[in-house]
Every structure is written in structure tokens, then in C-alpha cells.
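Here's a quick briefing for anyone meeting this structure for the first time. Have a look at the sequence and the fold, then read on.

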Amino acid sequence: MRILVIEDDADLGPWLRDALEAALGGADRVATLDEAETALKVRPFDLVVMDRRLPDGDAVTLIAKMRMLSPRPSILVLTALDDPNEIARALDAGADDYLAKPFEPVELIARARAVLRRNQLDQKGVTSVSNLRFDTFARTAYVDDQPLILPRRELALLEALMRRAGQVVLRESLDNAVYGFDDEIQSNAIDAHLSRLRKRLREAGCRAEIKALRGIGYLMAE
């Protein structure tokens, strides 16, 4: 799960990023439309949470562009504009939902989960490989139906691999799943996280395996 927060408020922006990351997965924050367009070119996002009024324009202009992306992110618009015409304009442009400021944190997370759920291709939200199961909505892993508790970055790695179980996941995609734009990444950091993740899976009795394809990436397979 990767989230992009587009919010120029110096207090609200970091708070949104941290709250969404804690509840749903890795998050990045930008403050302008220009920065947002650059971020969307650099990596794919599952969810975009965006303010309407930004220093360089109305974020509605960006929504139509995001609807053309593949994969297409879910879009949740935050704004102090409560005019029904403005709400309709954002929704007609392609936003999935609209949340007026001020709002309660619990409603923000619930609405974010809801738009993700509506756009989720796998409606059950569960992926299984052998005796390993991953619930993409709850972001919880199970081995033989026993919860597997993982540190944040190992959980992000496992989610990225399980969402594409049986397919090769490029190393760059794993970097994007685990690290934000502001994180400093050491050259062997992903290898260290993968090594620890493999060990935890083995210790839990997991029969699924993370296989490495030298120079290409990794895949989760039986």
C-alpha cells in the first residue's frame, strides 16, 4: 500500500501523512500540484488524499489526469469548501469521495479504507500462498490462521509480495513499497529486511517462500 498526501498546510500535511501511514501503509507528502505530478510520475500510488486549494492551483485539475493512470489510484478529496456545486465538481472530475474540513481522524481513516475497498480488484481482500494468508484490508498476515506480527517495513515488503503472489516483483517496486521520498536508503537495506522476513516466516512454520531472481526481483511462491 502506498499513499500520496497532497496538502500544503505545514501542520496538517505531516499529520495526515503519519496518520494514514500508521493505519494503512507507507505514505509520502507533497505540498503543490507540481510536486504531486512529479511524485505520480516517479511511482504508483494506491490512494491519493488531496486538498482542493493548493498554492499553484485547484487540485481538481489533477484528478482527471490521475484517472488516466494505470494502475489508477483511489482519490479522497479534503477541503474547507462545502458548496454542493464544488463537491459535485470534484466528484464529476473523478474523485471517489469528498471529506469536508474539519473532520475527525476516525472518519478520515474509515473513508480512506472505503474508497480503497470500492476500487480493490480482489473484493475479498485476501491473498493466500500455501499456508500463508494476507488480508489487504486489515494489513494482517496469518500462518496457519495464526497472526504473524511483523515490523512496519517487513510488513510492507510482505504486502507488496503477496499482492503480486506468483509474479516477479521488481526490486524498485519493493523500495517504493517500503521507503518514502525522504528516507535515506542504504544499498543493502532491502536485502536485510528480506532476510529478517524470511527468518520470521520460517520460524512461524510458513511453507511459502520468497524467491530471488538475480538482477530482476523477487516472487512469493509455494
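In which sense do strand 13 and strand 14 pair, and over how many bridges? The pairing of strand 13 (residues 209-213) with strand 14 (residues 217-221) is antiparallel and runs over five bridges. Keep in mind that this is a predicted model, where local features need pLDDT of at least 70 and side-chain atom pairs count only at pLDDT 80 or more, while totals for chains, interfaces and linings use all residues. Residues are numbered from 1 along each chain as its sequence is written, and side-chain values use heavy atoms, with hydrogens and water left out.

**The hairpin**

- Strands here are DSSP runs of E with at least two residues, helices are runs of H or I with at least four, and both are numbered from the N terminus.
- Two strands count as paired if DSSP finds at least two bridges between them.
- Ile-210 has Met-220 as its bridge partner in strand 14.
- Three residues sit between strand 13 and strand 14 in this hairpin, and Gly-215 in the turn has a positive phi of about 80°.

- Five strands make up an open sheet with parallel pairing, in the order 2-1-3-6-7.
- Strand 2 (26-30) and strand 7 (97-100) are at the edges with a single partner strand each, so one side of each has no neighbour in the sheet.
- From one strand to the next, the twist averages 20°; for angles like this, axes are lines fitted to C-alpha atoms (for helices, over the stretch in contact), and the angles run from 0 to 180 degrees between N-to-C directions.
- Within this order, strand 3 (residues 47-51) and strand 6 (residues 74-79) are joined in the parallel sense over five bridges.
- Asp-51 has its bridge partner in strand 6, namely Leu-78.

- Strand 10 (residues 140-143) and strand 11 run antiparallel and are joined by three bridges, and Tyr-142 has Pro-147 as its bridge partner in strand 11.

**Two helices side by side**

- Helix 2 (residues 33-42) and helix 3 (residues 60-67) have axes that come within 11 Å and cross at roughly 10°.
- The two helices, helix 2 and helix 3, are therefore roughly parallel to each other (angles under 35 degrees count as roughly parallel, over 145 as roughly antiparallel, 65 to 115 as roughly perpendicular and the rest as oblique).
- On the helix 2 side, Leu-33, Ala-36, Glu-37 and Leu-40 meet Thr-61, Leu-62, Lys-65 and Met-66 of helix 3.
- By class, this contact has five nonpolar residues, one polar and two charged (Ala, Val, Leu, Ile, Met, Phe, Trp, Tyr, Cys and Pro count as nonpolar, Asp, Glu, Lys and Arg as charged, and the others, Gly among them, as polar).

- Most residues other than glycine have a negative phi, and most peptide bonds are trans.
- Going from Lys-101 to Pro-102, the peptide bond is cis, with omega near -5°; Pro-102 is in the loop between strand 7 and helix 5.
- Ser-130 has a positive phi, near 55°, although this residue is not a glycine; Ser-130 is in the loop between strand 8 (126-129) and strand 9 (132-135).

**Cavities**

- There are two cavities of 30 Å³ or more in the structure (a cavity is a set of points, on a 1 Å grid over the protein atoms alone, where a 1.4 Å probe fits but cannot get out, and lining residues have an atom within 4 Å of a point).
- The largest cavity has a volume of about 80 Å³, where a volume is the space filled by probe spheres set on the points, with grid points joined across faces, edges and corners.
- Ten residues line the largest cavity, and the closest to its centre are Met-1, Leu-24, Leu-116, Thr-136 and Phe-137.
- Helix 5 (residues 105-119) gives the largest share of that cavity's lining, three residues.
- The second largest cavity has a volume of about 60 Å³, and its lining includes Glu-21, Arg-139 and Val-178.

Methods: On a 1 Å grid over the protein atoms alone, a cavity is a set of points where a 1.4 Å probe fits but cannot get out, and a pocket is an open set with protein on both sides within 12 Å along at least five of seven lines; lining residues have an atom within 4 Å of a point. Contact means heavy atoms within 4.5 Å.
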